[in-house]
Amino acid sequence: MGTLLSIENLSVEFSNYQGTSSVLNHVSLSVNRGEILGLVGESGCGKSVTARCILRLIPAPPGKITSGSIRFAGEDLLSVSPKRMGRVRGREISMIFQEPMSSLNPVFTVGNQMREVVRRHRGLARREADALCTGMLHQVQMPDPEEVLKKYPHELSGGMRQRVMIAMELVCDPQLLIADEPTTALDVTVQGQVLAILTGLSRRRGISVLLITHDMGVVAQVCDRVAVMYAGQVVELAAVEELFARPLHPYTQGLIAAIPDVDPPADDAPGGGARPLFSIPGTVPTLIDRPPGCRFHPRCTVGGPGCARDVPGLCWVTPEHAVACHSSRGGTA
Amino acid sequence: MGIPLRQHPKWRELRLTWRLLRANPTAMAGLVILVAMGAMALAAGWLAPYDPLRLSLAERLQPPGAAHWFGTDEMGRDILTRVMYGARISLRIGFVVILIAGGIGSVLGAVAGFYGGRVDNLIMRVMDVILSFPSLVLAMALAAAMGPSLNNAILAVAFVMIPKFARMVRGEALAVKELPFIAAARVSGARNRWIIAHHILPNCLNSVIVLGTLTLGDTILIAASLSFIGLGAQPPTPEWGAMISVGRKFLMDQWWYATFPGLFILTTVTGFNILGDALRDILDPRIRR
């Protein structure tokens with residue numbers, strides 16, 4: 001299982017009239033072939049920016065990639081020509097967005113838009129493209145795919161639209177699929193279904209997935225490995241069982257503690273009774289005034305005086321588990 | 001009955017538009033006027049009682065009567081006939097101008113809005129310069145500079161109409177380009193030119209149709225004005241504006257000469273305006289869905 005995508009030391013800045021703010025700070029992570037990597041963190045911590053960097057979708061200006069490299073299957077995506085990038089997008093790396101409601105063009109039918117993608121990348125004739133699209137819609141468990149192809153987006157429900165998007169992005173057999181909170185905008189009842197389709201299809205076709213989410217339940221359910229981001233940095237990187245069993249970074253520990261108990265121990269059991277929902281005190285620092293040293297230290301419960309001074313680097317505690325924290329470096333959690 | 005499900009979607013949309021149009025009496029009035037004008041223009045050769053250019057000095061300046069419903073002009077030509085043929089010219093001017101101005105203006109606007117920055121500034125400042133002149137005055141100047149002829153008048157009017165479309169489409173493009181489906185298209189490998197042609201422009205089409213319909217009235221009016229001052233259609237072409245221009249001299253004693261072409265201009269322009277207004281409401285997606 002080799003590495004498909006590796007991001008190293010990626011730093012991104014956005015500037016406006018208030019000044020320049022660094023949105024990503026030396027982000028490093030990698031996605032192996034066929035694996036599902038979860039990217040979690042609070043809103044505004046840089047998850048989506050990281051994803052958009054991979055496809056070079058950061059508007060410049062105001063955005064600027066100041067350092068780092070993004071290697072995809074041995075190719076540096078930050079230096080390829082725009083023409084080559086056009087081939088990579090959709091054919092080799094696809095992306096699904098959060099808003100299924102507006103990710104389809106309202107003035108064209110679903111079939112029209114799906115065919116467009118297939119024909120651009122495969123150069124198929126209309127009839128072959130149609131057959132491929134129908135088959136793909138069938139795979140995302142769409143009832144009556146021929147009819148769906150003839151419909152306009154507003155005639156479909158949110159869950160159906162997101163499944164159409166999944167079908168559309170997987171129809172060219174990409175090697176990597178970036179899913180940016182694909183289920184956040186959906187009803188809870190269809191979230192599980194859409195997620196199951198997405199991950200099931202990727203596993204069957206050997207497609208790697210970078211799954212961006214802030215739902216730790218989703219992470220536990222579908223991911224192989226997890227990268228936790230906080231304020232523009234990757235603070236912990238581990239296999240999913242390892243992360244839930246032995247979270248090293250105080251922020252990760254907080255995230256896991258904040259998962260509500262669906263099934264609390266009975267009231268009369270020792271230490272039983274429903275506990276109040278845990279939340280990490282404070283909020284994510286704004287982009288403009290990020291604290292010096294470890295960016296989590298103002299909210300951290302274990303930190304020492306060094307935390308406000310030195311930025312902790314990402315250290316490999318075991319070959320499979322990395323963390324960026326002064327207190328947890330020894331491997332004691 | 002229920003909703004017929006097995007129809008082609010485009011068909012379904014058209015039927016919905018038609019249903020909404022039917023439910024709107026003003027729109028229907030506009031549509032009826034325009035259909036009548038269009039039919040009259042198309043069938044002029046067949047409906048008109050006389051030849052529009054036939055001179056008959058014996059019958060000059062006859063008042064409206066059984067033989068000549070709208071009377072005759074100073075050369076004895078039948079005014080009803082000439083008004084019918086005039087519809088051909090006026091409608092043709094209107095449509096050609098809108099096609100040229102709408103086409104060029106929409107593309108310029110979409111490019112400006114989509115790329116933004118310098119391209120946007122360059123295109124829109126040129127549009128501002130054109131807009132800073134009153135459209136009739138600028139059209140007159142251009143038509144005069146190119147020489148008086150119908151085709152030059154068409155080009156002149158089209159030129160002054162371009163900024164209207166460019167401005168509106170630019171505004172729409174600014175909004176449309178931020179929608180997620182544009183990002184989705186880019187993620188699936190679409191190039192800028194493709195996105196403009198297949199995502200931005202089609203999403204602006206409703207507004208272009210509405211503006212086109214509304215502008216058609218203005219266009220016909222400006223073109224008639226150009227003919228009125230002798231810069232458009234040349235006599236003996238039966239153009240409404242040119243007819244009024246000559247008929248003006250006879251207005252005191254032969255009221256019918258200038259009045260009937262004028263009434264037709266009035267009716268046609270009104271027809272386009274009320275249809276355009278109604279289309280704006282009907283094609284508005286918020287009302288539609």
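This is a predicted model: local features need pLDDT of at least 70, side-chain atom pairs count only at pLDDT 80 or more; totals for chains, interfaces and linings use all residues.
Local features need pLDDT of at least 70, side-chain atom pairs count only at pLDDT 80 or more, and totals for chains, interfaces and linings use all residues. Residues are numbered from 1 along each chain as its sequence is written, chains are lettered from A in the order in which they are written, and side-chain values use heavy atoms, without hydrogens and water.

**Exercise 1.** Describe the interface of chain A and chain B.

Step 1. Take the area. The two chains bury about 2200 Å² between them, 58% of it on carbon and sulfur atoms. (Buried area is the accessible area, with a 1.4 Å probe, that two parts lose on being put together, summed over both.)

Step 2. N105(A), R120(A) and Y152(A) supply 20% of the area that chain A buries against chain B, more than any other three residues.

Step 3. Count residues. Chain A gives 31 residues to the contact and chain B gives 23. (Contact means heavy atoms within 4.5 Å.)

Step 4. Sort the chain A side by class. It has twelve nonpolar, nine polar and ten charged residues. (Ala, Val, Leu, Ile, Met, Phe, Trp, Tyr, Cys and Pro count as nonpolar, Asp, Glu, Lys and Arg as charged, the others, Gly among them, as polar.)

**Exercise 2.** Which residues of helix 10 of chain B meet helix 11 of chain B?

Step 1. List helix 10. W240(B), G241(B), M243(B), I244(B), V246(B) and G247(B) make the contact. (Helices are DSSP runs, H or I, of at least four residues, numbered from the N terminus.)

Step 2. List partners in helix 11. They include Y257(B), P261(B) and F264(B).

Step 3. Classify. The contact has nine nonpolar, four polar and no charged residues.

Conventions: Helices (H or I, at least four residues) and strands (E, at least two) are DSSP runs, numbered from the N terminus.
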